[in-house]
Amino acid sequence: MKILIFSDVHGNLEAFESVLEDADRSGYEFALSLGDHVGYGANPNECIQAFAGLSKYAAIRGNHDAAALDPDERLHFNADAYAAIVHTARNLSEESREFLENLPLIYDSNRAFMGVHSSPNEPASWGYILDALEATNAFRCMYRPIAFTGHSHIPCIIAEEGDVRPLHHGDEIKIDVEHKCIINVGSVGQPRDRDPKAAYVFFDDTEKILTFRRVEYDWNRAALKILNSGLPPSLAKRIILGL
Ligand code: ZN
């Protein structure tokens with residue numbers, strides 16, 4: 001089965017629609033969103049509504065999804081993220097709130113992979129996998145060979161042996177499921193690897209082939225909407241720069 005997997009849409013409708021259009025051209029059977037549907041961007045409700053147009057999908061919870069509903073989840077947010085999530089929470093529709101409330105922390109495919117927003121070992125603590133120790137703990141808790149994640153907005157594959165391989169547009173990689181790996185799919189709505197293009201992957205779970213893609217979208221329009229909606233101006237600048 002060919003699966004579309006993406007993360008960190010962050011209320012960026014222009015980026016999300018471009019990803020869905022690009023993915024439609026190749027075709028896929030199932031879509032999986034790894035969380036952070038809202039926060040930072042100007043269109044949280046519209047992004048959540050866009051899921052209604054997908055025929056088969058699953059979605060899990062990210063820290064911004066949790067923080068939109070629960071002020072206690074905002075305690076470690078920086079000033080811009082905090083201002084954005086307060087703004088988002090104020091503007092969420094009843095339907096969006098319900099969508100976010102029902103998101104589980106982990107997706108289990110019953111096949112070769114699982115999905116989690118941050119880390120397989122402590123999915124509700126929103127830790128980043130930044131060093132070998134955190135990666136070791138994460139691998140220990142994985143009950144599938146592959147864990148798809150988002151959260152850092154930096155696309156890469158972390159192998160159990162310790163190698164970290166950045167992902168680039170057009171990469172097609174055969175995944176060896178005899179060994180564990182963590183695949184960070186990057187971010188749709190706020191890439192942070194100095195490339196503003198929206199990121200996503202396809203995973204063929206029969207052939208075990210990962211395809212990584214970047215898509216141009218109208219980031220000027222998305223940035224203008226951020227400015228006009230009263231969100232922190234730095235959030236507009238960073239999507240144009242990919243930071
Ligand atoms: Zn995020």
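How many nonpolar, polar and charged residues line the second largest pocket? The tour answers this at its fourth stop.

This is a predicted model, in which local features need pLDDT of at least 70, side-chain atom pairs count only at pLDDT 80 or more, and totals for chains, interfaces and linings use all residues. Residues are numbered from 1 along each chain as its sequence is written, and side-chain values use heavy atoms, with hydrogens and water left out.

**Stop 1: the zinc ion**

Select the zinc ion with Asp8, His10, Asp36 and His153. Its protein donors are Asp8 (OD), His10 (NE2), Asp36 (OD) and His153 (NE2), at 2.0 to 2.4 Å. Donors are N, O and S atoms within 2.8 Å of the metal (3.2 Å for Na, K and Ca); water is not among the atoms, so sites may look incomplete. The arrangement is irregular because the four donor atoms subtend angles of 83 to 173°. Four donors count as tetrahedral if all angles lie between 85 and 135 degrees; four count as square planar and six as octahedral if opposite donors are over 155 degrees apart and all others between 65 and 115; anything else is irregular.

Along the sequence the donor residues are spaced D-x1-H-x25-D-x116-H. His10, in the loop between strand S1 (2-6) and H1, and His153, in the loop between strand S6 (146-149) and S7, are 143 residues apart and link distant parts of the chain. Helices (H or I, at least four residues) and strands (E, at least two) are DSSP runs, numbered from the N terminus.

**Stop 2: the sheet**

Next, select strands S4, S5, S6, S10, S7 and S8. They form an open sheet of six strands in the order S4-S5-S6-S10-S7-S8, with mixed pairing. Two strands pair if DSSP finds at least two bridges between them. S4 (106-108) and S8 (164-166) stand at the edges with a single partner strand each, so one side of each has no neighbour in the sheet. S7 (residues 156-159) and S8 pair in the antiparallel sense over three bridges. Within S8, Pro166 stands opposite Cys156.

**Stop 3: the cavities**

The structure holds two cavities of 30 Å³ or more. On a 1 Å grid over the protein atoms alone, a cavity is a set of points where a 1.4 Å probe fits but cannot get out, and a pocket is an open set with protein on both sides within 12 Å along at least five of seven lines; lining residues have an atom within 4 Å of a point. Grid points are joined across faces, edges and corners, and a volume is the space filled by probe spheres set on the points.

The largest cavity has a volume of about 40 Å³. Select Gly11, Leu13, Ala222 and Lys225, which are among its lining residues. H7 gives the most to this lining, with three residues.

The second largest cavity, of about 30 Å³, has a lining that includes His10, Tyr40 and Leu235.

**Stop 4: the pockets**

For the largest pocket, of about 260 Å³, select Asn63, His64, His76, Phe77 and Tyr128, which lie nearest its centre among 18 lining residues.

The second largest pocket holds about 220 Å³ of space. Among its lining residues are Ile157, Glu161, Arg165, Lys174 and His179. S7 and strand S9 (172-174) are the elements that give two or more residues to this lining. By class, the lining has five nonpolar, one polar and six charged residues. Here Ala, Val, Leu, Ile, Met, Phe, Trp, Tyr, Cys and Pro count as nonpolar, Asp, Glu, Lys and Arg as charged, and the others, Gly among them, as polar.
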